[in-house]
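Welcome, and thanks for taking a look at this one.

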Amino acid sequence: MTHRPTLQQVADAAGVGKSTASLALRDDTRLLPETRRRVQEAAAQLGYRANATVAALMAQLRSHRTPKYQATLGLLNVSTERGKLKEYRTFTDWVTGCHRRAEQLGYGLDEFWLHEPRIDAERLIGILESRGIRGLVIMGVLDDGVLPAAFDRIWKSFACVVVGLGRMQPLLHSASNDQYGTAREAFTAARALGYRRPGLVIEAKVDQNVEQRFSAGFFVGQNTLPRADRVPVCDFDRTDSAAFEAWYRKHEPDVIICIHEQIKTWLAAMKVRVPRDVGLIHLDRTTGMTEWAGMDQHNDYVGVAAIDLIIGQLHRNEAGVPSFAKSTMVASEWTPGSTARQQRPR
């Protein structure tokens, strides 16, 4: 009977201790890359396979311990406005998810603002390196999705993940909500409630920031309707309630899918009752929006996904602009609310 090689035999072959071999086989970044490679090559040559039952048990035991400090990561706000990440609940949920996941895995998370006075690429790199930071979560990329060229050395030198956007320049790994699926599911939920003429209200700039994924998901659903029930999209302008009212009066949607809470206030001023006269479904129903029906984008889990992507890069000793960018999308979940209700059959 052939005996399976043991962890101790792997350690002996690699010239390390048993605990070091265990860490190396888990690709623990606390070990030097050459040490990990040497142990892993020894394991491959010996045909070592970890006992799945024991590995699962040890993973469970480790998950109940307070994790040891691993390293510090950076959260870089690249918006020209310092307070941008505190302006919307979506952004604050991203940040919360990042901090929670980093803490769970034993990582610190230091926050930086790219446009700090008297900061440039050289100085920022010096600060990051002095704190031992090798990975950056990037937030606040809006509008054209282009990161400042003056800081190109940052993107080329560190492991980076962008939160919220997929397509951008340079093209980096990213974590975001699945906006297409979010809008598609919102449309499906509206139809399941019996609404016949859903209308989408969204600021063109917001939709452009996510590559028209919201409108694309809506259009796919709308294509299942008779042409007479297909309501054109309303381009939301927060300064022009008259344009919204004109759109509503002309096209008479029976439910409005939107991402702007202001719509509810405008409808009240128009003496339009929600949900009696028209339903409302929000595409980013955050905590505190208890009356709204809509899609919970699980924005904190987008932050969690970003941290997982960064740590994965660090474990693989990857840095810089990737040859092939990877995008992790988090699905949304329908949440009922009083702004949309089951319709009576006609």
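Predicted model: local features only at pLDDT ≥ 70, side-chain atom pairs only at ≥ 80, totals over all residues.

Strands here are DSSP runs of E with at least two residues, numbered from the N terminus.

**Thr339 and its surroundings**
- Thr339 has 2% relative accessibility, and because buried means under 20%, this residue counts as buried.
- Its side chain comes to 2.8 Å from the backbone nitrogen of Ala293.
- Leaving aside residues up to four places away in sequence, Thr339 is in contact with Glu291, Trp292 and Ala293, and also with Lys264, Val274, Pro275, Val278, Gly279 and Leu280.

**The sheet**
- An open sheet is built from six strands in the order S2-S1-S3-S4-S5-S11, with parallel pairing.
- At its edges lie strand S2 (107-113) and strand S11 (327-330), each of which pairs on one side only.
- From one strand to the next, the twist averages 20 degrees.

**A closer look at S4 and S5**
- Strand S4 (residues 159-163) and strand S5 (residues 173-177) run parallel and are joined by three bridges.
- Val163 has Ala175 as its bridge partner in S5.

**The helix on the sheet**
- Helix H13 (residues 299-315) packs on the sheet, where it touches strand S1 (71-77), S2, strand S3 (135-139), S4, S5 and S11.
- The direction of H13 makes about 165 degrees with that of S4.

Technical notes: Residues numbered from 1 in each chain as written. Heavy atoms only, no water. Buried < 20%, exposed > 50% of the residue type's maximum accessible area, 1.4 Å probe, protein only. Polar contact = N/O pair within 3.5 Å; in protein donor to acceptor, adjacent residues only side chain to side chain. Contact = heavy atoms within 4.5 Å. Pairing = 2+ DSSP bridges. Helix = DSSP H or I, 4+ residues; strand = E, 2+ residues; numbered from the N terminus. Axes fitted to C-alpha atoms, helices over the stretch in contact; angles between N-to-C directions.
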